[in-house]
Amino acid sequence: MPEHTDTADRELTPVADRLGAEFSGVHERSTVDRCVGAARQGALDVTGRAAPDLVERIARQHLQVLALAFAERT
């Protein structure tokens with residue numbers, strides 16, 4: 001099992017890097033990483049797979065919603 005997680009982490013590093021750059025100045029990298037991890041787990045739970053493109057779309061939506069929620073608070 002740890003090998004699978006290591007492989008998934010390597011596959012999703014470019015996703016986290018892209019989203020980190022996209023949301024730079026909006027969210028900390030740790031928030032991006034948590035969203036990517038949560039998106040991966042959600043995709044696995046629902047579809048049984050976690051293709052990087054699907055994980056990226058889900059994580060991006062979560063990060064956009066978080067950004068809107070934070071903007072409304074200020």
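Let me start with Thr31, which touches Leu63 and Leu66 once residues up to four places away in sequence are left out, contact here meaning heavy atoms within 4.5 Å. Thr31 lies in helix H2, residues 29-47, where helices are DSSP runs of H or I with at least four residues, numbered from the N terminus. Thr31 counts as buried because its relative accessibility is 16%, and buried means under 20% relative accessible area, exposed over 50%, and partly exposed in between, with a 1.4 Å probe and protein chains only.

Before I go on, please keep in mind that this is a predicted model, in which local features need pLDDT of at least 70 and side-chain atom pairs count only at pLDDT 80 or more, while totals for chains, interfaces and linings use all residues. Residues are numbered from 1 along each chain as its sequence is written, and side-chain values use heavy atoms, with hydrogens and water left out.

Now to helix H3, which runs over residues 52-73. Which residues of H3 are buried? They are Val55, Glu56, Ala59 and Leu63, and they sit on the same side of H3 because they cover an arc of only 95° around the axis, the arc being that of the directions from the helix axis to the C-beta atoms. On the other side of H3, Val65, Leu68 and Glu72 are exposed.

Let me finish with Ala59 in helix H3, which counts as buried because its relative accessibility is 0%. Apart from neighbours within four places in sequence, Ala59 is in contact with Leu19, Cys35, Val36 and Ala39. The C-alpha atoms of Ala59 and Cys35 are separated by 5.3 Å, although these residues are 24 residues apart along the chain.

Key
Helices (H or I, at least four residues) and strands (E, at least two) are DSSP runs, numbered from the N terminus. The expected span of a helix is 1.5 Å times one less than its number of residues.
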